[in-house]
Amino acid sequence: MAAGRQRWSTQIVAGSERSPGVLLLRYRRHSGGEDQVGATFGASKATKATAGATSAAVKWRRQLERGQMTRPQSTAFEMSNKNKELMNDIFTNCKLKNGFGPSVQATAAATSPTKRPLSPDHPNPALPITETPSPAMNRMGWALRTLLVADNSSCLKDRKVSGKLIRKCAPGTELVDWLVNLSPIVHTRAQAAGMWQALLEEGVLAHVNKEQPFKDKCFLYRFRLDEEGGTAAAGVPQAEDLGAANEHIREALSALFQRGPDATLRMILRKPSHERTSEELELVFEELVHIAALSHLSTSIKRELSSIFVFEAHAQAGTICDEGRSWYILLKGSVDVVIHGKGTVATLKTGDDFGKLALINDAPRAATIVLKENNCHLLRVDKEHFNRILRDVEANTLRLQEHGKDVLVLERVAKQRGQHSAFKYTVMSGTPAKMLEHLLETRLGQSVGGMDPFLDDFLLTHIVFMPVVQLDAQTPEDREYIINFKKRVIQFMQKWVMAVRHAAFEEPSVCDFIEDLAAEVEADPDLNEETSIVHNVLTQMARYQEDRNQNAGQKWKLPPNGQPICLFSGNATPSKTVIRPDDDIIFRVYCADHTYCTLRFPMHTTAELIKACAADKLQLNRGPEDLVLVEVKSNGERSVFKDNDVSIPTGLSLNGRLFVSVKDHLDALTQLQEQECPTEGVDIDLEILSTKELAYHITLFEWDLFWAVHEYELLYHTFGRHHFGKITANLDVFLRRFNEVQYWIVTELVSTPSLSKRFGLVRKFIKLAAYCKEYQNLNAFFAVVMGLSNMAVSRLQQTWEKIPSKFRKIFQEFEALIDPSRNHRAYRVFVGKLQPPLIPFMPLLLKDMTFAHEGNKTSLDGLVNFEKMHMMAQTMRTIRFCRSRSLGLEPPSPKSEGEVRSYISSFRVIDNQRVLTAMSQKVEPTRKL
Ligand SMILES: Nc1ncnc2c1ncn2[C@@H]1O[C@@H]2COP(=O)(O)O[C@H]2[C@H]1O
């Protein structure tokens, strides 16, 4: 590995501006400090679930508005100096304990999240939910206590419990009595109990043994101020304190009255399920109705949730939510969504939910959730309950945002059989970077015994995405994260090579990266387990490079008369030879007067360069802007190439010719005589060749051509010759072969004058189709049957009349199989039952690609439309499936193997329909009625 090269820092790049078709992985050191805070998530999810909005609270509030508050006892006393000090002390304490403002803490948390203990599994409703009481609660508690202490008949007394003296405590029942008597707004004992619970949950009041929440029972409670170490002054309060307490009590009661219902609710939600009474569950249910994140759920599910929701309060900003065991709804406060290396990407607020992605996909959390404020309230559903109740009914669409913009849209889809839950989330659209991050963080190694479908789709189609994808992943200090990240990248590499094979090694920078990776793994004992994976990738890369070096600079020839493109060495059988971008091809370019030049260029040469060179050689003496490169087909049709098209010679039709022409003189271009009636090709009496042997060798020949086609070529072909600047030569050759076989059938039949020979040939071709079908060469099967159905053949009445009915029936069955109606349903059903190896009807796959491409936008609102990518990948996967087993056909007994092989590799073909029809007319003139 080169010294000084940066690695294992923070960037993954898919594609590059220079070569967008290649996924590059590279790392750079994370500069830090780029975190942005403040974007919101799910802004549409406004919620009514804020504190105080319970139906019970609303009911109570109305009563409060109607009721008359009477100020008990005397008024207008000043607070004593001593108690002023006491209050100041309490307030200062609170400020110090609460610490910095939330934004400061949140930013600190976002850059280095402090790992605090996770949420308690079983929150205890007897304990406070805040670290210290809020100043307002402190003041309310102080006022109530002052009045209680001042009351001679007060329930607040020193009591002996089990021999131990407890100062100033009172039973719950008596505290309730006192409060109901104190204020006319408190109508029920439950209301009063809720108000005391509001004080208890902030620690102003507590059960003497800290074992009970507030209950209207004989349990003893006392004020914090009276606990050991409490700062309350013993004895009767001074007149000025009493005055101040009386002054404040109206406001305090009103505030407590409002908080009571929520405090009661929180108390219920902190109790274990089995301790919740049916009235309590009803109260919870009424609350759940107002939570936006639950609005899509049925009543019965909400009822079930009433008993399993757990309330969690977190006192401190900076606390991290759990590691993916629960789903949460934010009831109060806000949280930051923090991603390694990126910092805070979104802020969730009251009513938003998070955490179901990890649960539904059984994956780690896609982000760390860090509390942004002190005293955040959450509702939690644990994994086992989520799986049981919610997993299969959860919302269909999940949108992840970063900095206020959608970055990933996921949709719930049914899982395949055999997986333990019925649903999971799949990617519908996203930014390339977020999709890659989602893959690396949550989708690797998840699928049992195979590849995650999203990962496979991504690897097959990533070349379509916007050129640069970045993933800032980690800070260099976080060793544990880096090791995990490295492991994921290694797995990613392995799957990448598995999915696209040699195409993964085509970019030199990727090969460099793999070598660096191998060196890193070698040197790091923490990556021992990954060594074998990396070695495997290295071996495959070396094999590819060796093969590339051995076959570098092959020369191909495009024969002028529609024969297959063949190696210039004269080796007619391609024998698993792939055409590569820098292989040369020799071909002719004509001009209007049919003079031509012969050129030799690498396959990836653009039309513009070919045009310029041909014009020069043919001495056209015109500037490139006046000239075009154009194909003239055998029927005279012309089609102009774009300047940046590549794979030009292989893209010609069977008997097409390449012309360079002055733009304005295009109409003057005419086809050559030889295009109409090619004379080259092996002249042989077909009758003597064994049909089975013909089918066998056609299949072997086409298997090799099919084998050379890379799945990516389907994408290049679909998006157009110019789009990626990559060659489609192997696919072109395979498609030409289809046409060649189809027109060979027609050409042979219409150029056989003898009726008996023709009828013999038709029979032979029907048998040939049957053998091709048996060999599962459906490409050739289609070509032969389509050839026999060609108008120039189907009109040969005298010939068809002679065909025995048995053969005609077989042919009808074949025609039914190639019937294009209902989107080639008959063929699709048939092929769906076959096992590999098989050669598919390639034009249909290309039609499916075009359908997906033209019917769907590549980008939706700035996000990659991954549904489209998925559709395309499905078709590309068909090719992989067809070739997933090697061809091991039983060879027929050889009769004339050599002749058959040379014959099938170079048919003599006419592809001009007009000429074929005329020849058909000649051999069998239309009968006059
Ligand atoms: N941009 C984002 N990237 C990842 N997770 C996000 C994002 N915005 C919100 N989240 C939530 O953060 C949660 C972290 O845990 P989950 O992966 O279960 O589910 C995730 C989402 O619910």
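Arginine 159, leaving aside its neighbours within four places in sequence, is in contact with Lys164, Leu165, Ile166, Cys169, Ala170, Pro171, Glu174 and Leu220, where contact means heavy atoms within 4.5 Å. This is a predicted model in which local features need pLDDT of at least 70 and side-chain atom pairs count only at pLDDT 80 or more, while totals for chains, interfaces and linings use all residues. Residues are numbered from 1 along each chain as its sequence is written, and side-chain values use heavy atoms, with hydrogens and water left out.

Arginine 159 belongs to strand S3 (residues 157–161). Helices (H or I, at least four residues) and strands (E, at least two) are DSSP runs, numbered from the N terminus. The side chain of arginine 159 reaches the backbone oxygen of cysteine 155 at 2.4 Å, and a polar atom of that side chain lies 3.0 Å from the backbone oxygen of cysteine 169. A polar contact is a pair of N or O atoms within 3.5 Å; within protein, one must be able to donate a hydrogen and the other to accept it, and residues adjacent in sequence count only if both atoms are side-chain atoms.

Lysine 168 is in strand S4 (residues 164–171). Its phi is near 40°, a positive value in a residue other than glycine. Elsewhere, the peptide bond from proline 836 to proline 837 is cis, with omega near 0°. Proline 837 lies in the loop between helix H27 (821–832) and helix H28 (842–855). Most residues other than glycine have a negative phi, and most peptide bonds are trans.

UniProt positions are given in the numbering used here, feature names are shortened, and annotations may be inferred rather than shown by experiment.

| UniProt feature | Residues | Helix | Strand | Distance between end C-alpha atoms |
|---|---|---|---|---|
| domain: DEP | residues 150–225 | 32% helix | 26% strand | 15 Å |
| domain: Cyclic nucleotide-binding | residues 322–390 | 20% helix | 48% strand | 19 Å |
| domain: Ras-associating | residues 583–665 | 13% helix | 35% strand | 33 Å |

The ligand is surrounded by 16 residues, of which the closest are Ala358, Arg365, Ala366, Gln401 and Lys434; a residue is near a molecule if one of its heavy atoms lies within 4 Å of it. A polar backbone atom of leucine 357 is 3.5 Å from a ligand oxygen.

Helix H13 (residues 453–461) and helix H20 (residues 711–719) have axes that come within 9 Å and cross at roughly 60°. H13 is therefore oblique to H20. Axes are lines fitted to C-alpha atoms, for helices over the stretch in contact, and angles run from 0 to 180 degrees between N-to-C directions. Angles under 35 degrees count as roughly parallel, over 145 as roughly antiparallel, 65 to 115 as roughly perpendicular and the rest as oblique. Leu459, Leu460 and Thr461 in H13 meet Glu711, Tyr712 and Leu715 in H20.

H13 also packs with helix H29 (residues 866–882), at an angle of about 85° and with the axes 9 Å apart, so H13 and H29 are roughly perpendicular to each other. Among the residues making this contact are Phe454 and Phe458 of H13 and Met869 and Met876 of H29.
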